[in-house]
Amino acid sequence: MTLALRINGADREIASDPETPLIHVLRDELKLKGAKLGCGLEQCGACAVLVDGEVTLSCATPAAVFAGREITTIEALGDTPEGARVQEAFVAASAAQCGYCTPGLVVAVTALLQRDPAPSREAAMAALTPHLCRCGSHPRVLRAVEIAAGQGQGQQ
Amino acid sequence: MSLEKHPLVRDWIGVSGGRVVVHTGKVDFGQRISTALARIAAEEFALSPEDVDVAEVRTGAAPDEGMTSGSNSVVQSGNAVRLAAATARAAVLARLAAEFDVPTDDLELADGFITHRGSNRKTALTEALAGIDPALAVDPGARLRPREEVGVPVSHPPRGMRAMVEGRYTYLHDLDVEGMLHARPVHPPHIAARLRGIDAAVIEKLEAGGVRVIRDGSFLAVAAPGEWAAIQAAGRLARACDWDCGPGLPEIDVAAALRDNPVERLPVIGGLPEPDAALPPAPDAPDLEAAFTRPYQMHGALGPSAAMASWDGGKLTIHTHSQGIYPLRESICESLDLPLDAVELVHVPGSGCYGHNGADDAAFEAALVACAMPGTPVLLKWTREDEHAFEPYATAMHVHVAARLDGRGDVAAYYAEASGDTHRGRPRAGPDRAGPARLLANRLRADPLPPYRAEPNMNREGGNHRNLTPGYAFPETRLVKRLVRDLPLRTSAMRCLGAVANVFALESVMDEAAAKAGADPFGYRRRYLTDPRDLAVLDRLEARLREIPDPAEGAGRGIAMARYKNQMARVALSVDLAVNDRAEIILQHAIIVADSGRIVDPDGIAAQLEGGFVQGASWALYEAVTWDRDAITSRDWDSYPVIRFDNIPPVETVLVDQPDCPSLGVGEASPGPAVAAIANAVHAATGLRLRRMPFTPEAVMEAALQADAD
Ligand code: FES
Ligand code: FES
């Protein structure tokens, strides 16, 4: 029996072995390359997607585990008002350098704001701690959170 | 250098598809050089930056600008593009003036058109540019549009930003072409291990399953249709290998080796090693003496290195995120015995690299795999473990400082000796196969090349003596550099090179000397500064600090300053922090004041300064490569911790614009001062002097025990 996954609002028949980590199904089979492979060890956050609205690392858990769940990747995040607002805020704060960490962070910030529309700086820092950025765009990402939450201009 | 090699306007400026195109040999890895170059051309052509494209960087087509490194891109490529654009502007205006038979002054260049004010006759800029004489040389004296004409630069989102936040930006890792196989190397336990054999049954099984196994001596890789298949195959193959690990990695105290190994001591005078100068004598009875150390640290790109290669039997094409496609091409050609024109390298963005990481090694490995299967493109990626364990690291360093103080507590003599391994591991061609020897796989292939033996960097402000020379006018300075070889790990260039350890040492000593003299750290530094721009950044920092509250009870504030390479951007920086009861350093606030000459892209400058601060803080607090006899033990983000969001303070940047001065790169200006300011703030908060990076809780506790014992 093949695996069926619900991804970005559509039901998809998956040809890959159901034991394949979700990220490879997304990137290789479905050509959704927005989620990045950074470690494959659930240590860096580059591969984050939303599963039923929760930030979920896609690099190690088999795709089969996500059957029956609602998977949203960065490619479809802008279709929701929160996602679009977070993306705008990232642009406004120019919160990326190389941008390799960015899709995962945009996903994480969107989930954070859905849970807590006006997070404190400490809450944002805690929520984003699973995510690494090696270019040091963190201060700007935290500004983007403020902008997306409508907290001033993101000035500190 | 860039203009000498590529003197023509068309080397830098072109027109394609009705748009102005900038050509550059510098590659963008998140430092926004392409954004800056587009803005520079836009300024000279009175265009919006969105109307300027930046061409792909590809061997054969792009100007050869060597490496994208050393914060030189804005100076080299930026200067070339600005002068080329200004020359082109003057040329098209002169030609149209002749054609319309009007004075040049009656022509106006705006919004992409050149218009004659009297008659409203006009021509599109791109059309006029397309007609430029192909032999037109860049005029080094071309009139540049001054700031009054160009206007104050405003921030636009950098190129690619929207695509990045929407997950549409294409990285090398995302390339996907028809018939492509995914490849993974299977690296040895450590670089000196040799492959004795592989369980043949495992290879047979892998091959039966459609996996290709590529072996050349101890270099081993797999290729498979699909990334997950390649990852699994690499794991199976790794378990089937029998390695001869030899004596293993030397488990030595590297700081002690750096201090004690008998190597040539090179006097450094005016930023230059002078082998024939008299060797400065060791100071007798210094009033201040300390040793500062930095461990091996890694670039640790978030996305492991990758490359795509294909070989059609006559031509090898490699897509790479290397910082130097021309030097890499030469070394790959030499390694494979191919003529230069048989190999083409195309730059495709990878994740941020901060210097020479695994990019070049991955490119060569992809080439080896591709050559073993003509006609099949391969996308080779390193794993997280490969990147951590096999990238070339920033060398560990040891800086010994001694100072003599006068009756007022002023520095009367300053002595510093900086020791480290080489920062030059990039595969640049040279005598004794110096290029190939610096490609990892050549150390593993049949007939392996021996490790590269570096010579001391004799350039001004190079390698271990970068920022060894104090920016302060001390009555007497005695500076020495030492290149220590034969240390355990492979090293190369990482952001700032020796400047991190040297600025850490100098600025810590300044803080200590100021405290000894009972002076405030600003006033004490001013005693030795004469350059108005140095003074200006320091004044601005002090003024800004007066506007904000003092650090809370128990917290501390430290400052540091440096002018990168003693000739580039100036930074003065403050850090507020506290040390909690677990001896962890919690960053609370940072201010960066910078003067990088004429500002082109203010937001890009601020981003680089902030990013440099964060990386410097990560080096200061967390990072150290570890190993034992069997292997590098820093193999992932748990065994090699780095800074995370939970310790990111608000960071303020203050930019000092110098409209009449050349623009300077800032990518390497803030990390050194960040490390030093953190150390000085720890002293302000706790009274402890930390002189060994990283400042982990163990290091803080050790310093406290030491202080108790003293
Ligand atoms: S790639 Fe999944 S957490 Fe790093
Ligand atoms: S922007 Fe490069 S890793 Fe975050």
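Colleague: How many residues does the contact take from chain B and from chain A?

Modeller: The contact (heavy atoms within 4.5 Å) takes 59 residues from chain B and 52 residues from chain A. This is a predicted model, in which local features need pLDDT of at least 70 and side-chain atom pairs count only at pLDDT 80 or more, while totals for chains, interfaces and linings use all residues. Residues are numbered from 1 along each chain as its sequence is written, chains are lettered from A in the order in which they are written, and side-chain values use heavy atoms, with hydrogens and water left out.

Colleague: What area do the two chains bury between them?

Modeller: About 4,600 Å², with 56% of it on carbon and sulfur atoms. Buried area is the accessible area (1.4 Å probe) that two parts lose on being put together, summed over both. V165(B), L302(B) and F645(B) supply 19% of the area that chain B buries against chain A, more than any other three residues.

Colleague: And how many salt bridges cross the interface?

Modeller: The rule, a side-chain nitrogen of Lys or Arg within 4 Å of a carboxyl oxygen of Asp or Glu, finds nine between chain B and chain A. A salt bridge joins the side chains of R143(A) and E610(B), at 3.3 Å from N to O.

Colleague: Which helix of chain B gives the largest share of the side that touches chain A?

Modeller: Helix 17 of chain B, with nine residues. Helices (H or I, at least four residues) and strands (E, at least two) are DSSP runs, numbered from the N terminus.

Colleague: Turning to chain A, is helix 6 mostly buried or exposed?

Modeller: Ten of the eleven residues of helix 6 (138-148) are buried, so this helix is largely enclosed by the rest of the structure. Buried means under 20% relative accessible area, with a 1.4 Å probe and protein chains only. R143(A) is among those buried residues.

Colleague: What covers them?

Modeller: The cover includes helix 3 (81-92), helix 4 and helix 5 (121-128) of chain A, together with helix 17 (602-621) and strand 25 (651-656) of chain B.

Colleague: What about helix 4 of chain A: how many of its residues are buried?

Modeller: Twelve of its 14 residues are buried, including G104(A) and L113(A). At 1.5 Å a residue, helix 4 (102-115) should span 20 Å, and its end C-alpha atoms are 20 Å apart, which agrees. The expected span is 1.5 Å times one less than the number of residues.

Methods. Buried < 20%, exposed > 50% of the residue type's maximum accessible area, 1.4 Å probe, protein only.
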